[in-house]
Amino acid sequence: MSTLSIAYELFTRHRNRVVEVLDALEKAGIQRVGRPGSGEPVLLFLDKDTPLTDVQQAIETMAVNSQSPKLLAVTLDNLSMSVNWGLLQAGVGEIICWPQWEKPVHSVLSRLRYWREVDQKVRQLQKLLVGKSKIWLQTLQQLAEMAVSNCPVLLTGESGTGKEIAARQLHELDPRPGKKEYVVVDCTNLIPGLSGSELFGHEKGAFTHAVSHRDGAIAHAHDGTLFLDELGELPLPLQAELLRVLQEGMYKRVGSDVWRRVRFRLISATNRHLAKEVENGTFRQDLFYRVSGWACHLPPLDSRKEDIPLLADHFFRNVYGLKSAVDQQVYDFLMLKNYPGNVRELQQLVGRIASKHLGEGPVTIGDIPRTDWPDFALSSLPPASGDDLTQAIKRLLYQGVNLKDMKDIVTEIAKKEAIDYENGNLKLAAQRLGCSERILQMHRKEEQETSY
């Protein structure tokens with residue numbers, strides 16, 4: 001096993017006590033790499049006199065600089081509840097009060113090993129759940145943490161966001177020794193009257209055409225994983241029967257009086273808002289609490305547009321076997337589109353482009369099917385706000401605003417609108433404006449300072 005290593009940041013004047021902590025960690029085999037910036041987990045040393053704002057600003061700077069390391073706060077004093085919550089909200093993953101914990105070195109070791117295990121699983125997940133955006137990496141980390149637990153998982157999100165792939169990967173990464181089958185039930189295909197048989201199986205003669213006994217999905221999932229896709233479509237009568245299985249670990253085949261024991265891990269997925277379904281009376285509240293032991297929302301593609309080139313390249317190479325280079329204009333075209341069907345819709349579009357490409361040359365915009373072309377008539381129209389802009393400039397002139405100040409005003413508005421348009425993603429906003437990301441980082445910092 002490779003050596004564990006850490007960076008550290010000081011927010012305390014008690015340097016002698018910090019040295020004692022670092023020496024104790026080094027004796028336990030934890031290597032120091034100095035200040036943050038190397039991608040290693042970071043220990044934040046603070047005490048009761050440390051201003052929370054100093055720590056929050058430092059964490060924010062790390063995020064702006066795209067470091068976003070794992071953060072562990074080592075406190076030399078007992079901190080108040082409000083400060084601890086403030087640290088967690090700022091992005092700290094664990095808080096250890098060094099003088100009060102019985103085995104603080106062991107706790108740090110355990111946390112670092114856990115983070116390393118999660119990072120390894122995140123890298124495995126990225127092979128199929130492609131993306132490097134901040135919101136997507138947070139989602140993958142949550143999925144990786146779910147994989148090592150044994151609680152029921154509920155995956156939510158719009159259609160096409162990757163819930164089915166995520167469920168399968170949760171099973172693949174599940175560390176249970178000797179785990180067995182991964183069984184899928186599509187709740188939208190359950191036929192009224194026969195749906196109980198699909199889940200629970202049936203006995204010979206239980207109904208017409210039941211010429212022999214049959215095991216259902218629950219029996220096949222014993223010691224494995226049961227994935228209920230589109231759980232929100234499950235009929236109410238079956239919801240009650242499923243709840244009994246989850247509560248008691250027992251079920252009966254249709255037409256049988258014999259109770260059978262079963263154990264499995266349950267993963268469910270839905271594009272519905274189950275809490276609202278509970279309010280509407282179409283989904284049982286007690287079942288909702290049972291299936292949502294740990295919920296993960298998979299974000300829509302529009303909230304992680306910077307992942308589109310990575311996803312497209314993955315589909316071109318690994319799904320459609322295309323070896324040709326892809327012209328940047330193709331990626332630009334894909335980035336500008338909206339995808340109501342999310343990643344699935346993007347994959348279908350990439351598939352159409354790949355199937356139209358011929359020869360060994362690069363994939364160009366000429367390979368984009370005509371039916372997928374943008375509406376040039378609409379895109380060539382002058383901005384609808386042109387008259388409004390003229391009137392706004394006139395008002396500024398009447399107020400005595402000079403050209404330089406007008407440019408400053410327009411520039412600040414453009415920065416804000418671009419950041420809002422790209423859901424806060426500074427990299428995409430900078431690409432849209434044709435400026436450096438650093439300019440937008442400074443804009444955001446100035447905004448935050450003026451808001452205090």
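Helix α12 (residues 308–319) passes α14 (342–356) in a right-handed crossing. Here a crossing is right-handed if the near helix is turned clockwise from the far one by less than a right angle, and left-handed if anticlockwise. Please keep in mind that this is a predicted model, where local features need pLDDT of at least 70 and side-chain atom pairs count only at pLDDT 80 or more, while totals for chains, interfaces and linings use all residues. Residues are numbered from 1 along each chain as its sequence is written, and side-chain values use heavy atoms, without hydrogens and water. Helices (H or I, at least four residues) and strands (E, at least two) are DSSP runs, numbered from the N terminus.

**Helix α12 and its partners**

- The axes of α12 and α14 come within 10 Å and cross at roughly 50°; axes are lines fitted to C-alpha atoms, for helices over the stretch in contact, and angles run from 0 to 180 degrees between N-to-C directions.
- That angle makes α12 oblique to α14, because angles under 35 degrees count as roughly parallel, over 145 as roughly antiparallel, 65 to 115 as roughly perpendicular and the rest as oblique.
- On the α12 side, Ile308, Leu311, Ala312, Phe315, Phe316 and Val319 meet Val343, Leu346, Gln347, Val350, Ile353 and Ala354 of α14, where contact means heavy atoms within 4.5 Å.
- By class, this contact of α12 with α14 has 11 nonpolar, 1 polar and no charged residues; Ala, Val, Leu, Ile, Met, Phe, Trp, Tyr, Cys and Pro count as nonpolar, Asp, Glu, Lys and Arg as charged, and the others, Gly among them, as polar.
- Ile308, Leu311, Ala312, His314, Phe315 and Phe316 are the buried residues of α12, with buried meaning under 20% relative accessible area, exposed over 50%, and partly exposed in between (1.4 Å probe, protein chains only).
- The cover over these buried residues includes α13 (328–336) as well as α14.
- Just after α12 comes Gly321, with a positive phi of about 65°.

**Helices α17 and α18**

- The axes of α17 (residues 403–421) and α18 (residues 426–433) come within 8 Å and cross at roughly 125°.
- That makes α17 oblique to α18.
- Ala414, Lys415, Ala418, Ile419 and Tyr421 of α17 make the contact with Leu426, Ala429, Arg432 and Leu433 of α18.
- This contact of α17 with α18 has 7 nonpolar, no polar and 2 charged residues.

**Nonpolar cores**

- The largest nonpolar core has 29 residues, of which Ile218, Leu226, Leu228, Leu231, Leu234 and Phe264 touch the most other members; such a core is a set of buried Ala, Val, Leu, Ile, Met, Phe, Trp, Tyr and Cys residues joined through side-chain atoms within 4.5 Å.
- Among the elements that give two or more residues to this core are β7 (182–186), β8 (225–229) and α9 (236–248).
- Helix α9 gives the most, with 4 residues.
- A second, separate core of 24 residues includes Phe315, Val326, Val350 and Ile368.
- Leaving aside neighbours within four places in sequence, Phe264 is in contact with Arg176, Ile218, Ala221, Gly224, Leu226, Val245 and Leu246.

**An exposed glutamine**

- Gln89 lies in helix α3 (residues 81–90) and counts as exposed, at 69% relative accessibility.
- The C-alpha atoms of Gln89 and Phe264 are separated by 34 Å, and the two residues are 175 residues apart along the chain.

**The whole chain**

- The chain has 19 helices and 12 strands.
- Of its 452 residues, 42% are buried.
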